[in-house]
Amino acid sequence: MPKFKIALLCGGPSLERAVSLNSARTVLDHLPDDKIEILPVYFNYKKQAYLISRAQLYSNTPSDFDFKLKQTAKPLSDDQLAKFLKKTDLVFPAMHGQFGEDGEIQKFLEKNRLPFVGSPSAACEIAFDKYLANEFIKKHGFYAWPSIVLLKNNCHQNEIAVFFKKHKIKRAIIKPAAGGSSLGVYSAWSAAEAFKHAQEIFSKNIDKRVVIEPFCLGREFTVIILENQKQRPVASLPTEIELPYKRRQIFDYRKKYLATNQVFYHCPPRFSDRTISKIQLQAEALFKLFGLKDFARFDGWLLPGGRIWFSDFNPVSGMEQNSFLFMQSSRLGLSHRDLLRFIIKNAC
């Protein structure tokens, strides 16, 4: 019997390239056997595709092998990439942030009629954009926190000051509209400080649009949604994120991916059964509303009055060894291998 071939896409141009490599390594650690072959394809920061070896995937960071890709890997043009992927049975995008979750790589796969794991481009395009997603869920009757979007060439401190005054904001969150859920995210106590952080995001070319919203004083959580065999979304037990938010702290990239004693995870969360059920039902409804497929991760807040706000939608959940995806699936009795095979089988 020929092996079932899966093309594993990783890397990409976003700041989350290193996270993408960790996700791809987890897939490579747990999915292959004598019937499944994994073929890694790496995208550098210019979105140039390279066919790399499995050994190269285990290089420490992208910078460890970016500079020698031309000598150690095979570059692929768009046409060559499409031809290569057509020789595989399934494409598994394991890229986070821009290009991987915003619908761009999905459009390429759809254009070339290549079957892939995950959500279609149209769903990714709306769900991944922080401002568009917030407006979308508000339009469909879900609770949403107020926010504004600023453009790189049209960012005015006065507009931010009006927003602060209108919503009586004492502390705000500033983040890229189309970035990840933790990179390039800042906290500010004034309109002037918010303007400064917005300019930082623009100057570093993280994004051309910036979202500003009030800082939540509720309890933070994240929840994984999986499609079952009947293609119905099922939310797992959410994880509550316990973090002291004083002294400008937020659940940022370092706290999410590096070991620290400043963050504690509770799964199941320390919420009432009714609240947990409410989070799960709303997450499933939103998954379906966006038109997402296979799996996703939603981040949100339980507000003091009991309302639930979903603040970030991740069409491609992080797949590091200790990620929320595997933390929550373990509560269902699924190992890393079990979960990945479940996702692949349903995608097929």
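## Basis of the model

This is a predicted model, in which local features need pLDDT of at least 70 and side-chain atom pairs count only at pLDDT 80 or more, whereas totals for chains, interfaces and linings use all residues. Residues are numbered from 1 along each chain as its sequence is written, and side-chain values use heavy atoms, with hydrogens and water left out.

## Aromatic rings

The structure holds 12 aromatic pairs, a pair being rings of Phe, Tyr or Trp (its six-membered ring) with centres within 6.5 Å, called stacked if the planes are under 30 degrees apart, edge-to-face if over 60 and tilted otherwise. Phe 43 and Phe 99 form an edge-to-face pair, with 5.2 Å from centre to centre and 65 degrees between the planes. This pair links distant parts of the chain, since Phe 43 belongs to strand β2 (residues 36–43) and Phe 99 to the loop between β5 (90–93) and α6 (104–111), 56 residues apart; helices (H or I, at least four residues) and strands (E, at least two) are DSSP runs, numbered from the N terminus. Both Phe 43 and Phe 99 are buried, that is, under 20% relative accessible area, with a 1.4 Å probe and protein chains only.

Elsewhere, one aromatic cluster is formed by Phe 136, Phe 221, Phe 271, Phe 290, Phe 298, Phe 310 and Phe 313.

## Nonpolar cores

A nonpolar core is a set of buried Ala, Val, Leu, Ile, Met, Phe, Trp, Tyr and Cys residues joined through side-chain atoms within 4.5 Å. Of the 32 residues in the largest such core, Leu 8, Leu 57, Phe 92, Phe 295, Met 319 and Leu 325 touch the most other members. Among the elements that give two or more residues to this core are β1 (4–11), α1 (17–30) and β10 (219–227). A second, separate core of 30 residues includes Phe 136, Cys 216, Phe 287 and Leu 302.

## Helix α8

In helix α8 (residues 130–139), the buried residues are Lys 130, Ala 133, Asn 134, Phe 136 and Ile 137. Seen down the helix axis, these residues fall within an arc of 160 degrees, so they line one face of α8, the arc being that of the directions from the axis to the C-beta atoms. They pack against α7 (121–128), β7 (172–176), β9 (209–214), α12 (273–290) and β15 (308–314), where contact means heavy atoms within 4.5 Å. After α8 comes Gly 141, whose phi is positive, near 90 degrees.

Technical notes
Buried < 20%, exposed > 50% of the residue type's maximum accessible area, 1.4 Å probe, protein only.
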